[in-house]
Amino acid sequence: MPVAAVWTIWSSNFSTGFGPSTSTSHLGTLTMRYLVLTDIHGNLEALDTCIADATTRRFDATLCLGDLVGYGADPNAVIDRLQALQPLSVVRGNHDKVACGLEQAEGFNAVAKSAARWTFDVLTPEHRQWLADLPEGPHIVDDMIEICHGSPFDEDAYIFDELDAVRALKTSTRPLCLFGHTHYPVTFELAADHFDTVGPAAAGEMRMPLRAESKYLLNPGSVGQPRDGDPRAAYAIVDTATRAVELFRLRYPVEQAQAKIVDAGLPDVLAQRLAVGR
Ligand SMILES: [Zn+2]
C-alpha cells in the first residue's frame, strides 16, 4: 500500500491517544531497563545466548511477548529459563495456546500442527498449565509501554503492512507498543506530521531513540526463529530513562538447536529454516 494512501487514513483523525497520564501504576514513576523477548519457540540455544548478552548490558525486568514454545525442541527448558527470570509481564502467543491444549491447531499448516502436537506431548503438566494461565494481550506495563503478541486490537492478528500498523498505533494506549508474531523486526513511528517504517538493520546492534511527540509500534524480531533472512537471534532492551530501544542480533549455536529438532523427530524443515532465517 502506498504511503500516501495511509496518510489519508490516519491524518483525517489523528490522535496520539496519550497525554497527561492517568495511570496509577507504581512503575510509572520508575526508570527501567526492560529485556524484551518474543517468539522464542522452544529454541534454548538462542534464548540462552540472548539472556547472557543482556545480562552483560544490565536489565531490571523482563517482558515476554509470547510464543515461548512450538517448532523448537526445548519447550520445557525454555519455560524454566523464562520463569527463572521472574518476568514482570508475559502475554500468550498463538502457539502457546495450541501447545497447551487451550485452542485447536485449525489455522496452522501441517508442519506447525505436527510441532504443536509434539510440544503438547512433551510439556510437563505444570508447564502446560502455566501456558494456559498466561494472559491475553495487550497488557499495560507502565506509563510508556504496552505489550501484545500479534496486535493490540487482536492477539492473533499479524501486523505486516502500514495499514495494520496505523490501526494498531491508534488502538495502543501507550507511546511504545511492543509486538511479535511476525518474526520480523520492524518499527513504525506515527507523529502528527509523518509516518515512518524502519525495517531490520544489518548491524548487530542498533539504538533507536524515541521522540516524545511520536507513538511507536515495535517488533524486536524473533529470539528462536527469525524470518527476515538473518539467522541471528533477535532481542531488545527498552531503557525508559534514556527513552531509547536497543536492538540486538546475535549468532548462537544454530547447529545444536538443529540437531535437537532432528533427534526429536520434529519436521526437518524446522531445523533447516534456522540456518537461513526464513
Ligand atoms: Zn511466533
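**Terms and cut-offs in this model**

Me: Which residues of α3 are buried?
Reply: Pro-75, Val-78 and Ile-79 are the buried residues of α3. Around the axis they cover an arc of only 100°, which puts them on the same side of α3. The arc is taken over the directions from the helix axis to the C-beta atoms. A residue counts as buried with 20 or more other C-beta atoms within 10 Å of its own, as exposed with 12 or fewer, and as partly exposed in between; the C-beta atoms are placed from the backbone.

Me: What kind of model is this, and how is it numbered?
Reply: It is a predicted model, in which local features need pLDDT of at least 70 and side-chain atom pairs count only at pLDDT 80 or more, while totals for chains, interfaces and linings use all residues. Residues are numbered from 1 along each chain as its sequence is written.

Me: How confident is the predictor in the protein chain?
Reply: pLDDT is its confidence in each residue, from 0 to 100. The protein chain averages 90, and 90% of the residues score at least 70. Over residues 1-26 the pLDDT is below 50; this stretch has 31 contacts in the model beyond near neighbours in sequence. A contact means that the C-beta atoms of two residues, placed from the backbone, lie within 7 Å.

Me: What does α3 pack against, and what follows it?
Reply: The buried residues of α3 pack against α2, α4, α5 and α6 (125-132). Gln-86 follows α3 and has a positive phi, near 45°.

Me: Why are the buried residues of α5 said to line one face?
Reply: Seen down the axis of α5, its buried residues fall within an arc of 165°, so they line one face of the helix. They are Ala-115, Ala-116, Trp-118 and Thr-119, and they pack against α3 (75-84), α4 (94-99) and α9 (268-276). Ala-110 and Asp-121, on the other side of α5, are exposed. An α-helix has 3.6 residues a turn, so residues three or four places apart point the same way.

Me: What makes β9 an edge strand?
Reply: Two strands pair if DSSP finds at least two bridges between them. The open sheet β3-β2-β1-β11-β12-β9 has six strands and mixed pairing. Its edge strands, β3 (89-90) and β9 (205-209), each pair on one side only. Five bridges join β9 to β12 (residues 244-250) in the antiparallel sense, with Glu-205 opposite Phe-248 and Met-208 opposite Val-245.

Me: How do you know that β11 and β12 pair?
Reply: They share seven bridges, against the required two, so they pair, and they run antiparallel. Helix α2 (residues 44-57) lies across β1 (33-37), β11 (233-239) and β12, at about 30° to β11.

Me: Which other open sheet is there, and what are its edge strands?
Reply: Its six strands run in the order β4-β5-β6-β10-β7-β8, with mixed pairing. β4 (139-140) and β8 (195-198) are the edges, each pairing on one side only. β6 (residues 176-178) and β10 (residues 215-219) are parallel and joined by three bridges; Leu-178 stands opposite Leu-218.

Me: Why is Val-186 called partly exposed?
Reply: Val-186 has 19 other C-beta atoms within 10 Å, a count that falls between the limits for exposed and buried. It lies in β7 (residues 186-190). Leaving out residues up to four places away in sequence, Val-186 touches Thr-197, Val-198, Gly-199 and Asn-219.

Definitions and conventions: Helix = DSSP H or I, 4+ residues; strand = E, 2+ residues; numbered from the N terminus. Axes fitted to C-alpha atoms, helices over the stretch in contact; angles between N-to-C directions.
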